[in-house]
Amino acid sequence: MPTPEWLRRRRSKNQNDGAALWTRCVKCAEVLYRPDLAANLWVCTKCGYHFRMNAFDRISTIVDNDFVEIGNEVQSGDPLEWVDKKSYPAKLAADRENSQLGEGVVCGCGTLTGRDVALGVMDFHFRGGTMGTVVGERITMLLEEARKRRIPCIIFTASGGARMEEGMLALMQMAKTTAAVARFMDDGNLFVTVLTDPTSGGVSASFAFQSDVIVAEPKAMIGFAGRRVIEQTIRQKLPDQFQTAEFLLEKGHVDMVVDRHDLKAALGRILEYAAAEPVAAGSDR
Amino acid sequence: MNVIVEREKGLLELERRIEELRAATTSQSVDMSSDIRALEEKYAQIQHEIFSSMSPWQKVHMARHPNRPTTLDYLAQFARFDELHGDRHFRDDPSIVGGFALLGTRSVMAIGEQRGRDTKENLRRNFGMPSPEGYRKVRRLAHLASRLGLPIVTFVDTKGADPGIASEEHAQSEAIASCLYEFTQARVPVVAVVIGEGGSGGALALSIADRLIMLEHSYYSVATPEGCAAILWSDAGKAEEAAARLKLTAQDLQGFGIVDEIVPEPLGGAHRDAAGSVARVLGSVESSLRQLSALPTAELLEARYRKYRRIGAWHAERLEAIGDNL
């Protein structure tokens, strides 16, 4: 199958960016050759640290080279007419330029090991993956499409929570996406979330933790309140492993922690199990 | 320091002096009615100056006023209330109060966030910031109400969900997420009232509703102004600026179509006439329930879905189609 247009554009941008040919591992400080890093799915070749991934890079590692976007025509407004150091529209424009994304989530449909799937991928590089009205709308559209087509839905989360600059309209996206999740799941469809670094606040307290199967990437920070907030509240330092994927696995909050190299295969197996035993419509979640 | 309490100090002093003069008039049979009248006029004038137009920041402080009616004050004016306790897993969270109640002659499930009215009670009730156990109790009671066909009435009054170590260990995210799920699917009318503070996801967990009512000087925000300032500018001291930008007042939120009804408060705030304020709110809740109870369940759920489906402010070429074509 030919390389899709979106992926070609993405890759050419990466390749032309000469200044960023080398990068340093956030964890072990090893200097890494970017093409090697990309070939290793943005996992440090020395220490195994999982870098935060660009949404399209992620999509290319999950789907079978086919992906039709949903909701990319939906663009941000400025409902609060927010201005601090910069205006909100100026912040959005800067993030669009830097991330080459229209907003903080990319949604669409494709196939994963041959099965139809609705896929949403959040990107921390756009406003910290925060959920505003566009992220909420796109995820809702994705779930409605998946429900209509009766196909499983997988959402990769990466988010600092609700987007402050859209105020209550951002908070209400938790309600909107929940309503869409509930309709989708109550029809007997499979919902899987993959929690990546970091997942917190309004996203973790809504669709991230409403799914049937919750997968997490190694060492991802996942929690409701941010580390800084908790440390300020209790006035002491938190242990390093607090709120990591492994910590959550031990506490029983997530189903599995899966290395990025095994992720597509693991998701493929989950889809396969679910397809073999269709859940009756209207059954309790 | 509460800016409203500070501003009230002068008024309370005036009130005391008026009382003194009244007492003197009776005991010493001296006519001081003109002095009293003058002071009363001054009182009314100052009260009007302070309270007739309040900034968002002042409203945040009004919502936090120590004398403001809390959930238990509302429950006390129900015809009957029988509290139910516990999450059935770990413990009973005192920052959530809920149970069977009679509103007029109607059986309902009443659930609310409860802050303390003094330091001791605040420590016991964790300043009205629920833990996962609290949200699991909410979910349990909402589910019970849905099964029995009892309408749900909630009272929202929190700075937010508890951000502590134990809350993270007990899956605060999951507890809130499950609450949201339960309320979107509850097969009974849901009426939520923001009576004081509506802070973030911790407030949303009790306020997915067919009808959202706010008191005139309550606030509802994506985060507390302090939280927002800390997140955006790493400086909680800029809370007043955050409050001004967040559009968190009942009036702003009605403009966005998030709030369905605003219940007026007496000049000076709900605590100036607590019983009257509570009665007005309960009257609004009753009339909302009357309207909602007339709807068949399927219609009720469809309307609730559409209500939230429409909330947003983005633009797209196909704008019209979304929300009307579900």
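Helix H6 of chain B, residues 132-148, has 17 residues and reaches 24 Å from its first C-alpha to its last, close to the 24 Å expected at 1.5 Å a residue. The expected span of a helix is 1.5 Å times one less than its number of residues. Helices (H or I, at least four residues) and strands (E, at least two) are DSSP runs, numbered from the N terminus. The model is predicted: local features need pLDDT of at least 70, side-chain atom pairs count only at pLDDT 80 or more, and totals for chains, interfaces and linings use all residues. Residues are numbered from 1 along each chain as its sequence is written, while chains are lettered from A and ligands numbered from 1 in the order in which they are written.

H6(B) is mostly covered, with 12 of its 17 residues buried. A residue is buried if 20 or more other C-beta atoms lie within 10 Å of its own, exposed if 12 or fewer, and partly exposed in between, with C-beta atoms placed from the backbone. Among the buried residues of H6(B) are Pro132(B), Tyr135(B), Val138(B), Leu141(B) and Ala145(B), and also Glu133(B), Arg136(B), Lys137(B) and Arg139(B). The buried residues of this helix pack against strands S1 (80-84), S2 (96-103), S3 (106-113) and S4 (152-158), and against helices H7 (165-169) and H8 (172-185), in chain B. Just after H6(B), Gly149(B) takes a positive phi of about 80 degrees.

The other helix to follow in this chain is H1(B). At 1.5 Å a residue, the 26 residues of helix H1 (residues 3-28) of chain B should span 38 Å, and the end C-alpha atoms are 38 Å apart, which agrees. H1(B) bends by about 35 degrees at Lys9(B), where the bend is the angle between axes fitted to the seven residues ending at a residue and the seven starting there.

Chain B as a whole has 14 helices and 9 strands. With 326 residues, a compact globule would have a radius of gyration near 20 Å; chain B has 22 Å, which agrees. That radius is taken over C-alpha atoms, and the globule rule is 2.2 Å times the number of residues to the power 0.38. Along the principal axes, the C-alpha atoms of chain B fill a box of roughly 75 × 45 × 45 Å. Of the 326 residues in chain B, 47% are buried. Two residues are in contact if their C-beta atoms, placed from the backbone, lie within 7 Å. Among contacts in chain B with a separation of 6 or more, 70% are between residues 24 or more positions apart.

Chain B is divided into domain 1 (3-53) and domain 2 (61-309), with bounds that come from an automatic or database domain assignment. The centres of these two domains of chain B, taken over C-alpha atoms, are separated by 36 Å. In chain B, 5 residues of domain 1 are in contact with 6 residues of domain 2. On the domain 1 side, H1 and helix H2 (33-51) of chain B each supply at least two residues, and H1(B) gives the most, with 3 residues. That side of domain 1 of chain B divides into 4 nonpolar residues, 1 polar and no charged. Here Ala, Val, Leu, Ile, Met, Phe, Trp, Tyr, Cys and Pro count as nonpolar, Asp, Glu, Lys and Arg as charged, and the others, Gly among them, as polar.

Chain A has 10 helices and 11 strands. With 285 residues, a compact globule would have a radius of gyration near 19 Å, and chain A has 19 Å, which agrees. Its C-alpha atoms fill a box of roughly 50 × 45 × 40 Å along the principal axes. In chain A, 48% of the 285 residues are buried. The domain assignment of chain A gives domain 1 (16-51) and domain 2 (53-276), and 23 Å separate the centres of these domains of chain A, taken over C-alpha atoms. The contact takes 5 residues from domain 1 of chain A and 9 residues from domain 2 of chain A.

The two chains meet through 45 residues of chain A in contact with 45 residues of chain B. Strand S4 (75-76) and helices H5 (133-149), H6 (167-186), H7 (201-204) and H8 (227-234) of chain A each supply at least two residues of the chain A side. H6(A) gives the most to that side, with 12 residues. By class, the side of chain A that touches chain B has 24 nonpolar, 16 polar and 5 charged residues.
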